[in-house]
Amino acid sequence: MRQRAIPTPPPLPVVLAAGAHPDDIEFMMAGTLLRLKAAGCQVHYWNVLNGSMGTGRYGAREAARVRTGESRKAAALAGATFHPPLFDDLDGYYEKGRLARVASVVRRIQPNLVLLQAPHDYMEDHQNVVRLLVTALFTRGMKNMAPRPNYAPSMVDCALYHALPHGLCDALGKRVRPELYVDVSPFMAMKKEMLACHQSQASWLDASQGMRRYVETMAGFTREVGRMSKAFRHAEGWRKRSHLGFGPEAYDPLTRILGGAVKFDAIYAKEKKGGFPDFRDSSPS
Ligand SMILES: [Zn+2]
């Protein structure tokens, strides 16, 4: 009698968490990154900018050196592969040369699940870096786009998730509702430890943003998002970017991998109204 083959589960996605500055991943994404790592995913950690301006104490080169060291420590705590920053703070412009550099790193990693910052955030660096990363991912399979250094194109499925903006509000101060919540309660101790690696930021965040005790500020964000979820004590919120250009509409590895630790927001789902309409069968007019 022929035995039925046991279906092989789909492979675990390669995960990339990418932000503008050292400590951005720790504030809004690290709990989810730690969960994905615990689920067995290969995880990558990348700040595209080096933190050179986020200091009231060091010169730019020294600040970048100190802050890159702090990021490296945080990435090691998460068991993530660290990728060094490419540009100074305030120098991550959306232009062709920088795009070629960002695309090169993206093609080397070939991620399937990308955690990004919010597309509308309080700080222009965040938005510029999101745009560079989104286009680098969008062009991953384009042979006429030449990354620097060059890597061959490959069209792996890829799903992009945007974190909530810093402070949970957009640049105009309007509260942002996430599409889905990830329960990060069991990973809060490690998330705090990762953020605490950024020691140089303790006095700077207080001086520049009035953010006393920055680790507690971060925990305040996750507690508030947990309250919004009506399910979890500490949560991170995410919005899935349109699948167009990245993979099938149903490709949602974050929900597939994290299952019970994910809750969808009912109001957001209503607003999204079942996704993109299917135009394939419509007859020409
Ligand atoms: Zn930042």
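Predicted model: local features only at pLDDT ≥ 70, side-chain atom pairs only at ≥ 80, totals over all residues.

The C-alpha atoms fill a box of roughly 70 × 55 × 45 Å along the principal axes, and 42% of the 285 residues count as buried. A compact globule with 285 residues would have a radius of gyration near 19 Å, and because the protein has 19 Å, its value agrees with that expectation.

Now to the part itself, helix 6, which spans residues 188-196. Two packed helices are described by the angle between their axes and the distance between the axes. We can follow that description for one partner of helix 6 and then for another.

Take helix 8 to begin with, which is made of residues 214-229; its axis and that of helix 6 come within 10 Å and cross at roughly 140°. That angle makes helix 6 oblique to helix 8, since only angles over 145 degrees would count as roughly antiparallel. The crossing in which helix 6 passes helix 8 is right-handed. On the side of helix 6 the contact is made by Met188, Lys192, Leu195 and Ala196, and on the side of helix 8 by Val215, Met218, Ala219 and Thr222. Sorted by class, the residues of this contact are six nonpolar, one polar and one charged.

The other partner to consider is helix 2, residues 30-38, whose axis and that of helix 6 come within 9 Å and cross at roughly 120°. Helix 2 and helix 6 are therefore oblique to each other, and their crossing is right-handed. Here helix 2 contributes Ala30, Gly31 and Leu34, while helix 6 contributes Met188, Met190, Lys191 and Met194. By class, the contact of helix 2 with helix 6 has five nonpolar, one polar and one charged residues. If you set the two lists side by side, you will find Met188 of helix 6 in the contact with helix 8 and again in the contact with helix 2.

The crossing of helix 4 and helix 5 is right-handed. Their contact is made by Arg98, Leu99, Val102, Ala103 and Val106 of helix 4, together with Leu132, Leu133, Thr135, Ala136 and Leu137 of helix 5. The residues of that contact divide into eight nonpolar, one polar and one charged.

The loop between strand 3 and helix 4 holds leucine 90, whose phi is near 65°, a positive value in a residue other than glycine. Leucine 90 has 13 other C-beta atoms within 10 Å and is therefore partly exposed. The loop between helix 5 and strand 5 holds proline 149, and a cis peptide bond with omega of about -10° joins arginine 148 to this proline. Further along, in the loop between strand 5 and strand 6, lies leucine 168. Leucine 168, too, has a positive phi, near 65°, in a residue other than glycine, and with 18 other C-beta atoms within 10 Å it is partly exposed.

Finally, strand 3 itself, residues 81-83, contains phenylalanine 82, which is partly exposed because 16 other C-beta atoms lie within 10 Å. Leaving aside neighbours within four places in sequence, phenylalanine 82 is in contact with Tyr45, Arg72 and Ala75. The C-alpha atoms of phenylalanine 82 and asparagine 47 are separated by 8.9 Å, although these residues are 35 apart along the chain. Lysine 73, which lies in helix 3 (residues 60-77), counts as partly exposed, with 16 C-beta neighbours inside 10 Å. The C-alpha atoms of lysine 73 and glycine 237, 164 residues apart along the chain, are separated by 25 Å.

Notes: Residues numbered from 1 in each chain as written. Helix = DSSP H or I, 4+ residues; strand = E, 2+ residues; numbered from the N terminus. Buried ≥ 20, exposed ≤ 12 C-beta atoms within 10 Å, placed from the backbone. Contact = placed C-beta atoms within 7 Å. Axes fitted to C-alpha atoms, helices over the stretch in contact; angles between N-to-C directions. Parallel < 35°, antiparallel > 145°, perpendicular 65-115°, else oblique. Left-handed = near helix turned anticlockwise from the far one by under 90°. Nonpolar A, V, L, I, M, F, W, Y, C, P; charged D, E, K, R; others polar. Rg over C-alpha atoms; globule rule 2.2 N^0.38 Å.
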